[in-house]
Every structure is written in C-alpha cells, then in structure tokens.
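Hello,

Please find the structure below. My notes on it follow.

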Amino acid sequence: MDSRYRYIKYRIEREVLDEQGLETLAQRKPYTDTKLSVITQLKDSLRCNAAKIKHGFLSTFPVFYWLPKYSLWDYGMPDLISGISVGIMHLPQGMAYALLASLPPVFGLYTSLYPALIYFFFGTSRHISIGTFAVLSLMVGGVTERLAPDVKFLKMNGTNVTIEVDIVARDLYRVQVAAATTVLGGLIQVLLGLVKFGFVGMYLSEPLVRAYTTAAAFHAVVAQLKYIFGVSPVRFNGPLSLVYTLKEVCLLLPQTHLPTFAVSVASMVLLIAAKELNSFLSPRLPVPIPVELITIIAATLASNYGHLNRNYSISVVGEIPSGLSYPVAPDVNIFSHVFGDAFALALVAYAISISLGKTFALKHGYKVDSNQELLALGLSNTVGGFFQCYAVCASMSRSLIQESTGGKTQMAGIASALIVLVAILKLGPLFQELPKAVLAAIVFVNLKGMFKQYSDIITLWRSNKTDLVLWLVTWVSTVLLNLDLGLAASIMFALLTVIFRTQRPIYSTLGNIEGSELYVDIENHKEAREIPGITIFRSSATVYFANAELYLEALKEKSGIDVNKIITYKKRQEAKMKRTQNRVERHAKRQAKKKHTDETAVFSVEVEAKTCRNTGMVRKDKEEEEKNWTDRENVTVFVKPNTTDGQCRWECLKGGDLDSISLDLMLQIDGDATTLSSKKEDTLSHDMERLSLGSLGKWTWDIHSLILDLSTANFIDTVAIKTMKNIFQDFNEIDIDVYLAGCQACVVQQLEDGHFFSDSITKRHLFVSVHDAVLYSLDNCRYDSLVNMDNNTKL
C-alpha cells in the first residue's frame, strides 16, 4: 500500500499529458500549417523591398559587407605581409602542380592568379588561399592524359626519319581539356550553390576526405617518379593504373638518368632541411623562410650557368611566355567526355575548401556560408576556365601560412595575386632553365603533411572502428580504382555505413531513477528500476523500412514475450476447447436421452474423457493427446476454472512449456476431476474468447502495459506505421496495452497522414513523455499491480 500512496500523492501533483491533451492545452497548430507551401515560398522570394535587395546584394557580394569597414591601420600591414608570403609560395607550387596536371608550368601560374581575384568578391572565408592544390591537379592530370595521350600526337622527324611526340599540339589540346573540365565543374558548383545544396559537402565526412587526400598523395608521388628518375614509363588509365605504372617504373629503374636523379635528391635534401629549420625557428620569425622559392632560384641559376640541359640532358621547364592570355571559350564538345570527372572535381574541391574555411572561422569567431562558398568556388573555376586555368580549391599549406602570418581578410589574397601577376609579366622567362626534377621534389616534400595522415589509422582504431573501416576502404578504393571511381566507391560505402548504423541501433529497456522523471537504460544504470507491470522500450535510431523487422525482433527479446508464438498457442487452445466442448455436448445429449431425465447432467471431465476414449469418440489424430493423458502426473498444470464470483474464469497456476500442454491435461488439477455443468456451456464459450496472457503461462499482472519511446524518431514511413499498427493489434490480443511516448510534431503528422489512428488507436495512446505514459498506465492498471509494486520503486 505504500507504493500506491506514493503514486497517488505524485499523481495529484503531476497531470498526465497525452497528445490530445497537449493539442488542447497548447493550441498546437497542425504541422502542415507551420510549413509554407511552394507557391507561398515563391511569392515571398519574388516580393521585393529595399531591405531585401540590400540583403541579397550583400549575400551575393560579401566583399561589400566588410570592405567599407576595412581599416588600413589595423589590417593593412598584416594582410600585406601575409599576402607576400603566400604569393611567394604560389610561384613554386603553381609551376610544380602544373606538372601533376600534365600542363605547361605557366598555366599553374595563371591558376594562381585569376581564381583568387574572383574569390575575393564572392567568398566568405577570410583566411583560405584559393589556387592550385596537389589532389585537384592530379585529378585534372588524369583527365588530360586520358583524353590527350602521347600516342595521339606522334609525328615523323624529317631529319632522321624517327617518330616523336608533337609536344606543342599535345599541350595545346591538354590545356583545352583541362579548361573545359574546370568550367564544367565550376558550373556544377554554381548550380548546386543556387539551389542551396551546400549541405552536399557534409556527405564527405572527415575520415573520407582525409583518406582520399592521402591516397591522392600516393598517386601524386607515383606520378612524379618519372621526373625524379628521369625515365619515360608507359601511361596507363583506368582501374589498377597506379599498380601498372608503379610496376613500369620499377622495371625502368636500371635506366635511371643519374644526373636527373642527383638533382632530385639534392633538391629534396635541401627542402627537407630548410623546412625543418623553418619549423624550429618559426616562433622567432615574423614570416616563414620561402624555402621553395629559394630552391627554385638556386636550381635555375645552377641550370642556367651549368648548362644542365645541354651538357647532361636534364629536362627543364622550357619556354614560359610573358604576359597574360586572352579569354577563350571552352570546347563544349569535351563536356560529354568529362562530366563524371568534373562532378568529382566539384565535390572534392568544395569539401576541402569548406572544411578549411569552417576550421578558421571557428578559430577566429566568424561564420562561413556553405552555399555562398559553393557559389564562390564555382565562379572561380568557371571564370578561371575561360583564362586556361584548371580546377582550384583552398590549399592547406598556403592557408596555414596566410593565417599564421597575421592575415585578417582576403586582401591578403589580392596581395598574393599581385606577386603572381608580376612573376607572369616579368619573371616568367627567367625560370625557363628550371629542371623539372626540382619541381617534382617540391611536390614530394609538400606532400609530407598528407602522408602524416596515416596516423589516422591508429587514432581511429582507438576511437571509432566504423570510421576506421571507412578510412581504409576509401584509401584502398582510391589507390586501386583511381581518383574518380575511388571517390564514387567511397561515397557509396559511406552511405552504406549510415544504413548499417541505422539498421543496428541500440535497443534498450528503460527504468525509472527514483524520485525523478528520468528513464534510462536499466542495463547501463545501476540505480534504474523497471516499473512493475510496465515495459518501456526504446530504439536509438528512427524506425523505418530498413530496420522495422529488426525493431520487432528486439522488442520480442527485450520484453521477453514472443507475441506470435503466444497468439498461435492461444488460437490452438481455443480450437481444442471448442472441440472438447462439442464432444461434451454430444455426450451429454446421449446420456440425457438414455436416462430420460430433464435434469442437467453433472459429470466428471476425467470420466467423460475416458469414456470418450473407450467408445472410440477420440479421433486418430488425438493419439498423442492420449499418451499425454496417461502421463498427466508428470506434467505441469496451467489453468483451472474459478467460479467464486459466480462466473467461470480461467486462472494460471504454474508455468511450463507452452507447446507441450494439451487441453485435456489443462482440465486436470492435481489429479482431481473438474466438473462442468451443461448450464455452463455459454460461460465456457465466453471464456474461450477471453484467453489472456495469464491463462497461457504468465501471471496477468507480470506485464499489463508496453510503452514505446519514439523520442529518437525524426520521421516515420509507411512500413514503420504498419509495424506500429501490428504491435498494437498483437499485444492488445494478449491483453497488453500499448502506448507511444515522445513523438515529435512531424511524426504525429506523419502518423495522421498514414491513417494510423482509428477507433481503437487514438491520440489518447500518444503521450508527451515516457513519464506521462507511465502515470496513465498505472492509473488504468489493476489495483493488484499497485499493491505488488516494488517498495523500492518511487516515481
């Protein structure tokens, strides 16, 4: 009685609130009314006023938001120093990464100039440096070498009648392919930005992007081996091309050009030593030492005065034209051949840029607009493609330099673009004697940061095994299938991991923490106590078509009730009871006719059943029941009729195996015959319809209510709605009430649209919280349940 007192006391202080009561109390609008229709949204978007025009203009051109407030005194010098530092890095990286794209080095300088100017007007990040990037350069190189291989540009040498590659024609066509791919990728980015698809980058998780860039770095290393060793391997395309290329290079190692290899090794040693010194002195230096530029200048001077190309046949950059190129429209006929590559470029470029942009924005306390960044990056690529630039994105190394040297705004990007512009106009011819092996060494050394990402394997092993599997699958697929197919396979696998996680959520049975309204997993919390008579079940994921069947299996396991088995058993016992009743009625009629009496016959079930067997009334298919009858002393009894209240009710005595009990044995109570009057036949028929969980092997107060916590669900589909309907129907058939708790407004609306509610399932079965459902369930359960509540349970 103590538990009942506590319940009543708390019940007075706490009003039970179901969904219908919530709608009445809070006057909640229908969920559909809170969502604007498409026509209304279109009208609102077309409605024009001064404030809306100003907001739209500043959103499209973010530069006009901060440029009028720009302070030369506060920001001018930091941006200038940062811009010069980044501009100096643009020169060697632009020329070096152009080799990855299989383009002349000057086009790497163009790529470092025009896109940065476009991003200045449209970008929202203040610290990222737009320009060439190793991964994108390599992706562009895969396209250019696939569509413009050397074998398509062979020509006869008139002097010695030999076949050689027409380098001028080949490079000219490769530039057209790269520009067309870049323009198409930029248009895809612009389109995605206009339709507010900035969230598409979220599908490229951090483990996926880091594994992809690590694998791309491996591709870049293999692509530079021919410049490092001075060999000319055959170009392979398609899946496993990296393996074939690496095998080809290994076979050509005996033909290594030693002078080229010596220049490569010397350059790498110098770069690594200078970078380590730079890192050691960085706290004391206002700006980092431009080691790449120093290396390029030194190598150019050594090549020029040592005549390395003429004396030792070391390959050099060659002619670098001075001045800017005129804009040229891309060849639209190439679009159909590069659409997949352009889409991959668009996704990878955006994922890298937005991740860097958000990192710096979080550090410095400003906001980066995802959709605007997608639009800015798309315009940078589209406009840049008209000026023979190839795909760009934010560079990790240059962005870190721009931020660490004190850069405050994108004015640093303008300063770096001016440095590149001066190099294109005046300094280009000075680098004509630069050995390509030096540029390859620069690529090698700059990829060191990406190779450090292999440490992610150890980190993910300790933190998240699923992300580790995603990392490894992304790396392997990118290495073996190339950058385009590898990215597609990685995204598909990432989506599969999401589906797998929703199919394998955590199912739990909840218990109450004493003195609170909190309900937590009883397996993980020692102080949580299960409410007697109530099972509270929760899934950590949304219930939908992919995991609805698993939800039912988990519910059966956690509740300890196999509903289908019990219902099947119940129907079987009903059929047995009906057959037995028919046999009793027929025998009673014969006995009455034989004795010629009007009295109602009273007989023993055991005697009549034996008589039935002796007279052959039992069918042959009941032979197994007869065997069970003879062994009745060894079988657990299940039910007996109780007529203390004037009506026959079936009550449970003991438990046992549901499948091993026959109805004949159920009518025996410790060997005593239970009698039935013919006047009780209607009562028996009524009781057959009232077979409950208690009459089938469990006490009726063991569980009287089932509460399904749907607070984790953000949607519910038609399959889940049918599943919930089946749960209500099945558990109600065994006298267990089912309630839903914690449904969000959108879920309630989807239940209404799916015709979930009916005369038997109303909004009175939906409760605002689990605690409300518990209070209602206790209020409507039998008094015996309250008396038998655990004295330690306190709501």
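**Surface and core**

Leu194 counts as exposed because its relative accessible area is 57%, and the cut-off for exposed is over 50%. Please keep in mind that this is a predicted model.

Leu194 sits in helix α10, which covers residues 167-194. Leu194 also belongs to a nonpolar surface patch of about 810 Å².

As for the surface as a whole, the protein chain exposes about 39,800 Å². Carbon and sulfur atoms account for 59% of that area.

Now the inside. The protein chain has 795 residues, and 48% of them count as buried. The largest nonpolar core contains 114 residues, and Met139 and Leu439 have the most contacts inside it. Helix α16 (residues 335-364) gives this core its largest share, 16 residues.

What does Met139 touch, once its neighbours within four places in sequence are left aside? Met139 is in contact with Tyr212, Ala344, Leu345, Val348 and Leu483.

Two figures describe the chain overall. The protein chain has 33 helices and 17 strands. Of the contacts between residues at least 6 apart in sequence, 80% join residues at least 24 apart.

Regards

Methods:
Residues numbered from 1 in each chain as written. Predicted model: local features only at pLDDT ≥ 70, side-chain atom pairs only at ≥ 80, totals over all residues. Heavy atoms only, no water. Core = buried A, V, L, I, M, F, W, Y, C linked by side-chain atoms within 4.5 Å. Buried < 20%, exposed > 50% of the residue type's maximum accessible area, 1.4 Å probe, protein only. Helix = DSSP H or I, 4+ residues; strand = E, 2+ residues; numbered from the N terminus. Contact = heavy atoms within 4.5 Å. Areas by Shrake-Rupley, 256 points an atom, 1.4 Å probe, with all protein chains shown as cover. Patch = residues over 30% accessible without salt bridge, like charges linked within 9 Å, V, L, I, M, F, W, Y side chains within 5 Å. Salt bridge = Lys/Arg side-chain N within 4 Å of Asp/Glu carboxyl O.
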